[in-house]
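Good morning, and thank you for coming. Please look at the display as I go.

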Number of protein chains: 4
Amino acid sequence: MKFFSQPFRIKYSDTDQMGIVHHSNYLKYFENARISWLRSVGVSYKKIEDSGILMPVVSASVEFIYPLYFDDEINIEIILDELPRATLIFDYKIFNQNKKLVCTGNTKLAFLNSITMRPTRVPKNIYNLFSGSLE
Amino acid sequence: MKFFSQPFRIKYSDTDQMGIVHHSNYLKYFENARISWLRSVGVSYKKIEDSGILMPVVSASVEFIYPLYFDDEINIEIILDELPRATLIFDYKIFNQNKKLVCTGNTKLAFLNSITMRPTRVPKNIYNLFSGSLE
Amino acid sequence: MKFFSQPFRIKYSDTDQMGIVHHSNYLKYFENARISWLRSVGVSYKKIEDSGILMPVVSASVEFIYPLYFDDEINIEIILDELPRATLIFDYKIFNQNKKLVCTGNTKLAFLNSITMRPTRVPKNIYNLFSGSLE
Amino acid sequence: MKFFSQPFRIKYSDTDQMGIVHHSNYLKYFENARISWLRSVGVSYKKIEDSGILMPVVSASVEFIYPLYFDDEINIEIILDELPRATLIFDYKIFNQNKKLVCTGNTKLAFLNSITMRPTRVPKNIYNLFSGSLE
(Lines give C-alpha, C1' and ligand atoms only; values in the text may rest on other atoms or scores of the structure.)
Protein backbone atom coordinates (compact mmCIF):
# COMPACT_ATOMS: atom_id res chain seq x y z
CA MET A 1 0.00 0.00 0.00
CA LYS A 2 2.72 2.46 0.96
CA PHE A 3 4.95 3.60 -1.85
CA PHE A 4 8.31 5.30 -1.59
CA SER A 5 9.39 7.47 -4.49
CA GLN A 6 12.99 7.29 -5.67
CA PRO A 7 15.21 9.31 -3.30
CA PHE A 8 16.45 12.56 -4.78
CA ARG A 9 18.74 15.42 -3.83
CA ILE A 10 17.46 18.89 -3.04
CA LYS A 11 18.34 21.34 -5.81
CA TYR A 12 20.19 24.58 -5.10
CA SER A 13 17.48 26.60 -6.84
CA ASP A 14 14.87 25.24 -4.40
CA THR A 15 16.44 27.18 -1.51
CA ASP A 16 15.67 30.76 -0.51
CA GLN A 17 17.63 33.30 1.50
CA MET A 18 16.59 31.65 4.78
CA GLY A 19 19.08 29.00 3.69
CA ILE A 20 16.37 26.33 3.50
CA VAL A 21 13.96 25.01 0.87
CA HIS A 22 11.21 27.50 0.03
CA HIS A 23 7.93 26.06 1.29
CA SER A 24 6.19 26.25 -2.11
CA ASN A 25 8.50 23.54 -3.45
CA TYR A 26 7.03 20.86 -1.20
CA LEU A 27 3.89 20.89 -3.35
CA LYS A 28 6.14 20.13 -6.34
CA TYR A 29 7.79 17.28 -4.42
CA PHE A 30 4.35 15.86 -3.63
CA GLU A 31 3.41 16.13 -7.32
CA ASN A 32 6.55 14.30 -8.42
CA ALA A 33 5.93 11.55 -5.86
CA ARG A 34 2.34 11.23 -7.10
CA ILE A 35 3.45 10.89 -10.72
CA SER A 36 6.02 8.25 -9.67
CA TRP A 37 3.35 6.42 -7.70
CA LEU A 38 1.05 6.43 -10.73
CA ARG A 39 3.90 5.03 -12.83
CA SER A 40 4.53 2.32 -10.24
CA VAL A 41 0.93 1.09 -10.57
CA GLY A 42 1.16 1.19 -14.35
CA VAL A 43 -0.39 4.60 -15.03
CA SER A 44 1.40 7.25 -17.12
CA TYR A 45 0.07 10.65 -16.11
CA LYS A 46 1.24 11.89 -19.50
CA LYS A 47 -1.06 9.36 -21.18
CA ILE A 48 -3.94 10.28 -18.88
CA GLU A 49 -3.64 13.88 -20.13
CA ASP A 50 -3.23 12.72 -23.74
CA SER A 51 -6.49 10.81 -23.35
CA GLY A 52 -8.29 14.05 -22.42
CA ILE A 53 -8.35 13.89 -18.65
CA LEU A 54 -6.72 16.41 -16.31
CA MET A 55 -6.11 15.78 -12.64
CA PRO A 56 -5.76 19.20 -11.00
CA VAL A 57 -5.12 19.61 -7.28
CA VAL A 58 -8.26 20.97 -5.63
CA SER A 59 -6.92 21.25 -2.11
CA ALA A 60 -3.66 20.76 -0.28
CA SER A 61 -2.30 21.03 3.21
CA VAL A 62 1.23 20.81 4.50
CA GLU A 63 2.94 20.69 7.91
CA PHE A 64 6.55 21.82 7.78
CA ILE A 65 8.19 20.01 10.69
CA TYR A 66 11.91 20.44 10.10
CA PRO A 67 13.83 22.35 7.40
CA LEU A 68 15.13 20.80 4.20
CA TYR A 69 18.56 21.95 3.04
CA PHE A 70 20.40 22.03 -0.27
CA ASP A 71 21.91 18.62 -1.06
CA ASP A 72 19.69 16.76 1.40
CA GLU A 73 18.63 13.39 0.03
CA ILE A 74 14.95 12.86 0.58
CA ASN A 75 12.48 10.00 0.44
CA ILE A 76 8.78 10.59 0.00
CA GLU A 77 6.25 8.09 1.28
CA ILE A 78 2.92 8.36 -0.49
CA ILE A 79 -0.35 6.61 0.28
CA LEU A 80 -3.62 6.60 -1.64
CA ASP A 81 -6.32 6.99 0.98
CA GLU A 82 -9.16 5.13 -0.68
CA LEU A 83 -10.53 4.13 -4.04
CA PRO A 84 -11.19 7.15 -6.22
CA ARG A 85 -14.72 8.41 -6.75
CA ALA A 86 -14.97 11.98 -7.95
CA THR A 87 -11.67 12.78 -6.25
CA LEU A 88 -8.42 11.14 -5.17
CA ILE A 89 -6.77 11.82 -1.81
CA PHE A 90 -3.09 11.19 -1.23
CA ASP A 91 -1.12 11.47 2.01
CA TYR A 92 2.61 12.23 2.00
CA LYS A 93 5.52 12.01 4.40
CA ILE A 94 8.96 13.39 3.56
CA PHE A 95 12.05 11.98 5.26
CA ASN A 96 15.57 13.35 5.01
CA GLN A 97 18.83 11.35 4.78
CA ASN A 98 18.81 10.87 8.57
CA LYS A 99 15.34 9.25 8.34
CA LYS A 100 13.93 12.27 10.13
CA LEU A 101 10.32 13.04 9.27
CA VAL A 102 10.52 16.60 7.96
CA CYS A 103 7.07 17.13 6.45
CA THR A 104 3.59 15.66 6.22
CA GLY A 105 0.85 16.68 3.84
CA ASN A 106 -2.10 15.70 1.74
CA THR A 107 -3.65 16.69 -1.55
CA LYS A 108 -7.05 16.11 -3.11
CA LEU A 109 -7.24 15.78 -6.89
CA ALA A 110 -10.22 15.93 -9.22
CA PHE A 111 -10.75 14.34 -12.62
CA LEU A 112 -11.63 16.90 -15.31
CA ASN A 113 -12.48 16.58 -18.98
CA SER A 114 -9.74 18.63 -20.64
CA ILE A 115 -12.10 20.05 -23.28
CA THR A 116 -15.03 21.05 -21.10
CA MET A 117 -12.94 21.54 -17.90
CA ARG A 118 -15.88 19.88 -16.10
CA PRO A 119 -15.62 17.01 -13.61
CA THR A 120 -15.63 13.61 -15.23
CA ARG A 121 -15.81 9.99 -14.06
CA VAL A 122 -12.66 8.10 -13.26
CA PRO A 123 -11.89 6.03 -16.37
CA LYS A 124 -12.62 2.32 -15.72
CA ASN A 125 -9.08 1.16 -16.58
CA ILE A 126 -7.55 3.69 -14.20
CA TYR A 127 -10.01 2.76 -11.50
CA ASN A 128 -9.02 -0.87 -11.90
CA LEU A 129 -5.31 -0.10 -11.65
CA PHE A 130 -5.87 1.98 -8.52
CA SER A 131 -8.07 -0.73 -7.15
CA GLY A 132 -5.23 -3.23 -7.58
CA SER A 133 -2.89 -0.89 -5.71
CA LEU A 134 -5.11 -0.95 -2.64
CA GLU A 135 -5.14 -4.73 -2.24
CA MET B 1 -8.70 44.74 9.68
CA LYS B 2 -8.94 43.30 6.19
CA PHE B 3 -6.14 44.23 3.86
CA PHE B 4 -6.07 43.95 0.09
CA SER B 5 -2.70 43.65 -1.55
CA GLN B 6 -2.03 45.61 -4.73
CA PRO B 7 -3.69 43.82 -7.70
CA PHE B 8 -1.22 42.12 -10.00
CA ARG B 9 -1.25 40.21 -13.26
CA ILE B 10 -0.54 36.49 -13.45
CA LYS B 11 2.85 35.81 -15.06
CA TYR B 12 3.23 33.50 -18.06
CA SER B 13 5.86 31.46 -16.22
CA ASP B 14 3.35 30.69 -13.44
CA THR B 15 1.26 28.53 -15.80
CA ASP B 16 1.77 24.84 -16.52
CA GLN B 17 0.68 22.65 -19.42
CA MET B 18 -2.86 22.40 -18.01
CA GLY B 19 -3.10 26.00 -19.23
CA ILE B 20 -3.66 27.30 -15.69
CA VAL B 21 -1.50 28.52 -12.81
CA HIS B 22 0.49 25.70 -11.18
CA HIS B 23 -0.90 25.20 -7.68
CA SER B 24 2.48 25.69 -5.95
CA ASN B 25 2.47 29.36 -6.98
CA TYR B 26 -0.47 30.21 -4.72
CA LEU B 27 1.84 29.84 -1.71
CA LYS B 28 4.08 32.47 -3.30
CA TYR B 29 1.08 34.75 -3.85
CA PHE B 30 0.16 34.35 -0.17
CA GLU B 31 3.75 35.19 0.80
CA ASN B 32 3.77 38.34 -1.33
CA ALA B 33 0.45 39.43 0.15
CA ARG B 34 1.82 38.83 3.64
CA ILE B 35 4.91 40.93 2.97
CA SER B 36 2.70 43.72 1.56
CA TRP B 37 0.47 43.49 4.61
CA LEU B 38 3.50 43.81 6.90
CA ARG B 39 4.63 46.85 4.94
CA SER B 40 1.15 48.38 5.24
CA VAL B 41 1.35 48.20 9.06
CA GLY B 42 4.86 49.65 9.04
CA VAL B 43 6.93 46.45 9.18
CA SER B 44 9.65 45.70 6.64
CA TYR B 45 10.13 41.94 6.48
CA LYS B 46 13.61 42.63 5.13
CA LYS B 47 14.43 44.55 8.32
CA ILE B 48 12.95 41.80 10.49
CA GLU B 49 15.41 39.36 8.90
CA ASP B 50 18.26 41.88 9.17
CA SER B 51 17.52 42.11 12.91
CA GLY B 52 18.05 38.36 13.26
CA ILE B 53 14.51 37.00 13.17
CA LEU B 54 13.15 34.61 10.54
CA MET B 55 9.46 33.95 10.02
CA PRO B 56 9.20 30.58 8.29
CA VAL B 57 5.87 29.05 7.32
CA VAL B 58 5.17 26.08 9.59
CA SER B 59 1.89 24.99 8.05
CA ALA B 60 -0.28 25.93 5.11
CA SER B 61 -3.54 24.86 3.56
CA VAL B 62 -5.16 25.90 0.31
CA GLU B 63 -8.51 25.32 -1.40
CA PHE B 64 -8.33 25.78 -5.17
CA ILE B 65 -11.85 26.79 -6.15
CA TYR B 66 -11.51 28.04 -9.70
CA PRO B 67 -8.49 28.20 -12.04
CA LEU B 68 -6.27 31.22 -12.46
CA TYR B 69 -5.10 31.99 -15.99
CA PHE B 70 -2.20 33.88 -17.53
CA ASP B 71 -2.89 37.64 -17.56
CA ASP B 72 -5.66 37.42 -14.96
CA GLU B 73 -5.56 40.39 -12.60
CA ILE B 74 -5.90 39.26 -9.03
CA ASN B 75 -6.59 40.78 -5.65
CA ILE B 76 -5.60 39.08 -2.44
CA GLU B 77 -7.47 39.73 0.77
CA ILE B 78 -5.42 38.92 3.83
CA ILE B 79 -6.46 38.88 7.48
CA LEU B 80 -4.37 38.41 10.60
CA ASP B 81 -6.38 36.05 12.80
CA GLU B 82 -5.27 37.18 16.21
CA LEU B 83 -2.40 38.81 18.06
CA PRO B 84 0.81 36.86 17.65
CA ARG B 85 2.12 34.65 20.45
CA ALA B 86 4.60 32.03 19.36
CA THR B 87 2.99 31.94 15.92
CA LEU B 88 1.06 34.13 13.50
CA ILE B 89 -1.95 32.88 11.52
CA PHE B 90 -3.08 34.58 8.33
CA ASP B 91 -6.15 33.82 6.21
CA TYR B 92 -6.23 34.59 2.49
CA LYS B 93 -8.81 34.95 -0.25
CA ILE B 94 -7.85 35.40 -3.89
CA PHE B 95 -10.26 37.10 -6.30
CA ASN B 96 -9.86 37.37 -10.07
CA GLN B 97 -10.70 40.36 -12.28
CA ASN B 98 -14.39 39.31 -12.30
CA LYS B 99 -14.44 39.48 -8.49
CA LYS B 100 -14.82 35.72 -8.43
CA LEU B 101 -13.39 34.01 -5.35
CA VAL B 102 -10.85 31.59 -6.82
CA CYS B 103 -8.92 30.44 -3.77
CA THR B 104 -8.91 30.45 0.03
CA GLY B 105 -6.08 29.47 2.30
CA ASN B 106 -4.21 30.00 5.50
CA THR B 107 -0.66 29.85 6.75
CA LYS B 108 0.88 29.65 10.19
CA LEU B 109 4.26 31.32 10.74
CA ALA B 110 6.78 30.97 13.55
CA PHE B 111 9.37 33.42 14.85
CA LEU B 112 12.89 31.96 14.83
CA ASN B 113 16.24 33.30 15.95
CA SER B 114 18.28 33.26 12.73
CA ILE B 115 21.46 32.16 14.52
CA THR B 116 20.11 29.39 16.70
CA MET B 117 17.17 28.54 14.41
CA ARG B 118 15.14 28.13 17.64
CA PRO B 119 11.76 29.71 18.36
CA THR B 120 11.97 33.19 19.75
CA ARG B 121 9.55 35.72 21.26
CA VAL B 122 7.80 38.20 19.05
CA PRO B 123 9.82 41.43 19.34
CA LYS B 124 7.92 44.02 21.38
CA ASN B 125 7.92 46.67 18.63
CA ILE B 126 6.53 44.21 16.10
CA TYR B 127 3.92 43.03 18.57
CA ASN B 128 2.83 46.61 19.06
CA LEU B 129 2.54 47.26 15.34
CA PHE B 130 0.48 44.09 14.87
CA SER B 131 -1.57 45.03 17.86
CA GLY B 132 -2.40 48.37 16.24
CA SER B 133 -3.45 46.58 13.08
CA LEU B 134 -6.11 44.63 14.95
CA GLU B 135 -7.86 47.66 16.39
CA MET C 1 11.77 53.46 -28.92
CA LYS C 2 12.96 52.51 -25.43
CA PHE C 3 10.30 51.18 -23.13
CA PHE C 4 10.46 50.87 -19.35
CA SER C 5 8.26 48.26 -17.74
CA GLN C 6 6.46 49.14 -14.53
CA PRO C 7 8.91 48.98 -11.59
CA PHE C 8 8.34 46.00 -9.32
CA ARG C 9 9.72 44.61 -6.09
CA ILE C 10 11.81 41.46 -5.96
CA LYS C 11 9.87 38.59 -4.38
CA TYR C 12 11.23 36.62 -1.43
CA SER C 13 10.78 33.35 -3.30
CA ASP C 14 13.09 34.58 -6.09
CA THR C 15 16.10 34.46 -3.76
CA ASP C 16 18.33 31.46 -3.10
CA GLN C 17 20.66 30.63 -0.21
CA MET C 18 23.36 32.93 -1.59
CA GLY C 19 21.02 35.66 -0.33
CA ILE C 20 20.48 37.05 -3.84
CA VAL C 21 18.07 36.44 -6.72
CA HIS C 22 18.62 33.06 -8.41
CA HIS C 23 19.92 33.72 -11.91
CA SER C 24 17.16 31.74 -13.65
CA ASN C 25 14.62 34.35 -12.56
CA TYR C 26 16.09 37.05 -14.79
CA LEU C 27 14.69 35.22 -17.82
CA LYS C 28 11.26 35.51 -16.19
CA TYR C 29 11.81 39.23 -15.60
CA PHE C 30 12.72 39.64 -19.27
CA GLU C 31 9.55 37.75 -20.24
CA ASN C 32 7.37 39.95 -18.07
CA ALA C 33 8.98 43.09 -19.52
CA ARG C 34 8.38 41.74 -23.04
CA ILE C 35 4.71 41.07 -22.33
CA SER C 36 4.35 44.58 -20.87
CA TRP C 37 6.09 46.04 -23.93
CA LEU C 38 3.69 44.17 -26.20
CA ARG C 39 0.76 45.53 -24.21
CA SER C 40 2.18 49.07 -24.48
CA VAL C 41 2.14 48.86 -28.30
CA GLY C 42 -1.39 47.43 -28.27
CA VAL C 43 -0.64 43.71 -28.46
CA SER C 44 -2.04 41.22 -25.96
CA TYR C 45 0.24 38.19 -25.88
CA LYS C 46 -2.72 36.24 -24.53
CA LYS C 47 -4.67 37.10 -27.69
CA ILE C 48 -1.70 36.19 -29.89
CA GLU C 49 -1.75 32.71 -28.36
CA ASP C 50 -5.55 32.51 -28.60
CA SER C 51 -5.21 33.25 -32.33
CA GLY C 52 -2.97 30.20 -32.74
CA ILE C 53 0.50 31.72 -32.63
CA LEU C 54 3.17 30.92 -30.06
CA MET C 55 6.28 33.01 -29.51
CA PRO C 56 8.84 30.75 -27.83
CA VAL C 57 12.30 31.96 -26.86
CA VAL C 58 14.86 30.36 -29.19
CA SER C 59 17.98 31.86 -27.65
CA ALA C 60 18.91 34.00 -24.69
CA SER C 61 21.98 35.50 -23.14
CA VAL C 62 22.44 37.32 -19.85
CA GLU C 63 25.25 39.22 -18.13
CA PHE C 64 24.82 39.36 -14.36
CA ILE C 65 26.63 42.53 -13.35
CA TYR C 66 25.54 43.14 -9.78
CA PRO C 67 23.31 41.11 -7.46
CA LEU C 68 19.61 41.71 -7.00
CA TYR C 69 18.24 41.39 -3.46
CA PHE C 70 14.85 40.69 -1.91
CA ASP C 71 12.72 43.86 -1.80
CA ASP C 72 14.84 45.68 -4.41
CA GLU C 73 12.68 47.77 -6.71
CA ILE C 74 13.70 47.25 -10.29
CA ASN C 75 13.10 48.88 -13.65
CA ILE C 76 13.56 47.01 -16.89
CA GLU C 77 14.42 48.85 -20.09
CA ILE C 78 13.49 46.87 -23.18
CA ILE C 79 14.24 47.63 -26.82
CA LEU C 80 13.06 45.87 -29.97
CA ASP C 81 16.13 45.60 -32.18
CA GLU C 82 14.52 45.69 -35.61
CA LEU C 83 11.32 44.89 -37.43
CA PRO C 84 10.36 41.24 -37.05
CA ARG C 85 10.96 38.80 -39.89
CA ALA C 86 11.04 35.17 -38.86
CA THR C 87 12.26 36.17 -35.41
CA LEU C 88 12.15 39.05 -32.94
CA ILE C 89 15.17 40.23 -30.97
CA PHE C 90 14.82 42.19 -27.74
CA ASP C 91 17.57 43.78 -25.64
CA TYR C 92 17.10 44.32 -21.91
CA LYS C 93 18.72 46.33 -19.14
CA ILE C 94 17.74 45.93 -15.49
CA PHE C 95 18.30 48.79 -13.05
CA ASN C 96 17.84 48.64 -9.28
CA GLN C 97 16.37 51.36 -7.00
CA ASN C 98 19.75 53.17 -6.99
CA LYS C 99 19.65 53.38 -10.79
CA LYS C 100 22.55 50.96 -10.91
CA LEU C 101 22.69 48.78 -14.02
CA VAL C 102 22.57 45.27 -12.60
CA CYS C 103 21.98 43.13 -15.68
CA THR C 104 21.95 43.20 -19.48
CA GLY C 105 20.58 40.56 -21.80
CA ASN C 106 18.85 39.69 -25.00
CA THR C 107 16.40 37.10 -26.25
CA LYS C 108 15.41 35.93 -29.72
CA LEU C 109 11.84 34.77 -30.24
CA ALA C 110 10.25 32.80 -33.06
CA PHE C 111 6.68 32.77 -34.35
CA LEU C 112 5.18 29.26 -34.36
CA ASN C 113 1.84 27.90 -35.49
CA SER C 114 0.45 26.40 -32.28
CA ILE C 115 -1.12 23.42 -34.11
CA THR C 116 1.80 22.40 -36.32
CA MET C 117 4.52 23.82 -34.02
CA ARG C 118 6.23 24.97 -37.24
CA PRO C 119 7.54 28.49 -37.93
CA THR C 120 4.94 30.85 -39.28
CA ARG C 121 4.89 34.38 -40.72
CA VAL C 122 4.42 37.34 -38.46
CA PRO C 123 0.72 38.24 -38.69
CA LYS C 124 0.24 41.48 -40.68
CA ASN C 125 -1.57 43.31 -37.91
CA ILE C 126 1.15 42.48 -35.40
CA TYR C 127 3.82 43.50 -37.88
CA ASN C 128 2.10 46.83 -38.31
CA LEU C 129 1.89 47.46 -34.58
CA PHE C 130 5.57 46.61 -34.15
CA SER C 131 6.38 48.76 -37.11
CA GLY C 132 4.66 51.71 -35.44
CA SER C 133 6.68 51.11 -32.28
CA LEU C 134 9.93 51.58 -34.20
CA GLU C 135 9.09 55.01 -35.57
CA MET D 1 36.84 15.17 -19.96
CA LYS D 2 33.17 15.05 -20.92
CA PHE D 3 30.80 14.27 -18.11
CA PHE D 4 27.19 13.15 -18.38
CA SER D 5 24.95 13.91 -15.44
CA GLN D 6 22.50 11.26 -14.29
CA PRO D 7 19.49 11.19 -16.65
CA PHE D 8 16.33 12.61 -15.13
CA ARG D 9 12.69 13.06 -16.04
CA ILE D 10 11.19 16.46 -16.76
CA LYS D 11 8.85 17.55 -13.97
CA TYR D 12 5.26 18.58 -14.62
CA SER D 13 5.80 21.89 -12.83
CA ASP D 14 8.59 22.79 -15.29
CA THR D 15 6.10 23.13 -18.16
CA ASP D 16 4.15 26.24 -19.10
CA GLN D 17 0.94 26.72 -21.07
CA MET D 18 2.82 26.32 -24.36
CA GLY D 19 2.92 22.65 -23.34
CA ILE D 20 6.72 22.64 -23.17
CA VAL D 21 9.38 23.34 -20.55
CA HIS D 22 9.61 27.04 -19.65
CA HIS D 23 12.96 28.31 -20.92
CA SER D 24 14.09 29.62 -17.52
CA ASN D 25 14.33 26.03 -16.22
CA TYR D 26 17.25 25.18 -18.51
CA LEU D 27 19.49 27.36 -16.33
CA LYS D 28 18.43 25.20 -13.37
CA TYR D 29 19.23 22.03 -15.35
CA PHE D 30 22.68 23.44 -16.12
CA GLU D 31 23.19 24.22 -12.44
CA ASN D 32 22.22 20.71 -11.38
CA ALA D 33 24.58 19.22 -13.99
CA ARG D 34 27.37 21.49 -12.72
CA ILE D 35 26.84 20.41 -9.12
CA SER D 36 26.84 16.73 -10.22
CA TRP D 37 30.01 17.33 -12.21
CA LEU D 38 31.68 18.89 -9.15
CA ARG D 39 30.62 15.88 -7.08
CA SER D 40 32.06 13.54 -9.73
CA VAL D 41 35.49 15.17 -9.39
CA GLY D 42 35.30 15.04 -5.61
CA VAL D 43 34.01 18.54 -4.87
CA SER D 44 30.90 19.15 -2.76
CA TYR D 45 29.46 22.51 -3.70
CA LYS D 46 27.78 22.53 -0.28
CA LYS D 47 31.21 22.29 1.34
CA ILE D 48 32.60 25.01 -0.91
CA GLU D 49 29.90 27.35 0.40
CA ASP D 50 30.43 26.17 3.97
CA SER D 51 34.10 27.10 3.57
CA GLY D 52 33.13 30.69 2.72
CA ILE D 53 33.25 30.68 -1.07
CA LEU D 54 30.31 31.37 -3.37
CA MET D 55 30.29 30.55 -7.07
CA PRO D 56 27.63 32.78 -8.65
CA VAL D 57 26.85 32.68 -12.36
CA VAL D 58 28.14 35.88 -13.98
CA SER D 59 26.97 35.19 -17.51
CA ALA D 60 24.95 32.59 -19.36
CA SER D 61 23.78 31.89 -22.86
CA VAL D 62 21.38 29.28 -24.16
CA GLU D 63 20.24 28.06 -27.58
CA PHE D 64 16.85 26.33 -27.45
CA ILE D 65 16.92 23.94 -30.40
CA TYR D 66 13.97 21.66 -29.83
CA PRO D 67 11.30 21.65 -27.11
CA LEU D 68 11.46 19.57 -23.95
CA TYR D 69 8.22 17.98 -22.78
CA PHE D 70 6.87 16.70 -19.49
CA ASP D 71 8.17 13.18 -18.75
CA ASP D 72 11.05 13.45 -21.25
CA GLU D 73 14.16 11.76 -19.92
CA ILE D 74 17.16 13.95 -20.45
CA ASN D 75 20.94 13.62 -20.34
CA ILE D 76 23.17 16.62 -19.88
CA GLU D 77 26.72 16.63 -21.17
CA ILE D 78 28.92 19.12 -19.39
CA ILE D 79 32.48 20.16 -20.16
CA LEU D 80 34.84 22.41 -18.23
CA ASP D 81 36.48 24.62 -20.83
CA GLU D 82 39.81 25.26 -19.18
CA LEU D 83 41.51 25.44 -15.81
CA PRO D 84 39.90 28.03 -13.58
CA ARG D 85 41.55 31.38 -13.01
CA ALA D 86 39.24 34.10 -11.75
CA THR D 87 36.31 32.39 -13.45
CA LEU D 88 35.12 28.97 -14.60
CA ILE D 89 33.44 28.35 -17.95
CA PHE D 90 31.24 25.33 -18.56
CA ASP D 91 29.62 24.21 -21.81
CA TYR D 92 26.42 22.15 -21.81
CA LYS D 93 24.47 20.00 -24.23
CA ILE D 94 21.06 18.57 -23.39
CA PHE D 95 19.82 15.41 -25.15
CA ASN D 96 16.34 13.93 -24.88
CA GLN D 97 15.39 10.22 -24.69
CA ASN D 98 15.73 9.95 -28.50
CA LYS D 99 19.33 11.18 -28.27
CA LYS D 100 18.24 14.37 -29.99
CA LEU D 101 20.29 17.44 -29.12
CA VAL D 102 17.67 19.83 -27.74
CA CYS D 103 19.77 22.59 -26.20
CA THR D 104 23.30 23.98 -25.96
CA GLY D 105 24.57 26.58 -23.57
CA ASN D 106 27.37 27.90 -21.46
CA THR D 107 27.80 29.64 -18.15
CA LYS D 108 30.65 31.58 -16.60
CA LEU D 109 31.05 31.43 -12.81
CA ALA D 110 33.09 33.58 -10.44
CA PHE D 111 34.60 32.76 -7.06
CA LEU D 112 33.46 35.16 -4.33
CA ASN D 113 34.33 35.49 -0.67
CA SER D 114 30.93 35.00 1.02
CA ILE D 115 31.66 37.63 3.69
CA THR D 116 33.03 40.42 1.53
CA MET D 117 31.16 39.38 -1.65
CA ARG D 118 34.39 40.27 -3.49
CA PRO D 119 36.22 38.08 -6.01
CA THR D 120 38.61 35.62 -4.46
CA ARG D 121 41.24 33.18 -5.70
CA VAL D 122 40.32 29.64 -6.53
CA PRO D 123 41.25 27.60 -3.44
CA LYS D 124 44.33 25.46 -4.13
CA ASN D 125 42.64 22.15 -3.32
CA ILE D 126 39.75 22.92 -5.67
CA TYR D 127 42.15 24.01 -8.38
CA ASN D 128 43.97 20.70 -8.03
CA LEU D 129 40.79 18.67 -8.29
CA PHE D 130 39.70 20.59 -11.39
CA SER D 131 43.18 20.22 -12.78
CA GLY D 132 42.90 16.44 -12.41
CA SER D 133 39.56 16.51 -14.24
CA LEU D 134 41.17 18.05 -17.31
CA GLU D 135 43.81 15.37 -17.73
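How many residues of chain A are in contact with chain C? Before I reply, please note that what you see is a predicted model. The reply is nine residues of chain A, in contact with nine residues of chain C. Sorted by class, the side of chain A that touches chain C has six polar, two nonpolar and one charged residues.

Let me turn to how these copies are related. In general, two copies of a chain are related by a rotation about an axis and a shift along it.

I now move to the contact between chain A and chain B. Here 15 residues come from chain A and 15 residues from chain B. Which elements of chain A give two or more residues to the side that touches chain B? They are α1 (25-40) and β4 (57-64) of chain A. The most is given by β4(A), with eight residues. By class, this side of chain A has nine nonpolar, four polar and two charged residues.

Five bridges join β4(A) to strand β4 of chain B, residues 57-64, and the two strands run antiparallel. As one example, Val62(A) has Ala60(B), in β4(B), as its bridge partner.

What rotation superposes chain A on chain B? The rotation is 180°, with 0.0 Å of shift along its axis, and the RMSD is 0.0 Å. In chain A, the C-alpha nearest that axis is the one of Ser61(A), 2.0 Å from it. Here too the same surface serves both copies, as 100% of the contact residues of chain A recur in chain B.

To close, let me return to the two contacts. Chain A gives nine residues to its contact with chain C, and 15 residues to its contact with chain B. Thank you for your attention.

Key:
Residues are numbered from 1 along each chain as its sequence is written. Chains are lettered from A and ligands numbered from 1 in the order in which they are written. This is a predicted model: local features need pLDDT of at least 70, side-chain atom pairs count only at pLDDT 80 or more; totals for chains, interfaces and linings use all residues. Two residues are in contact if their C-beta atoms, placed from the backbone, lie within 7 Å. Helices (H or I, at least four residues) and strands (E, at least two) are DSSP runs, numbered from the N terminus. Ala, Val, Leu, Ile, Met, Phe, Trp, Tyr, Cys and Pro count as nonpolar, Asp, Glu, Lys and Arg as charged, and the others, Gly among them, as polar. Two strands pair if DSSP finds at least two bridges between them. Copies are superposed by least squares on the C-alpha atoms of residues with pLDDT of at least 70 in both.
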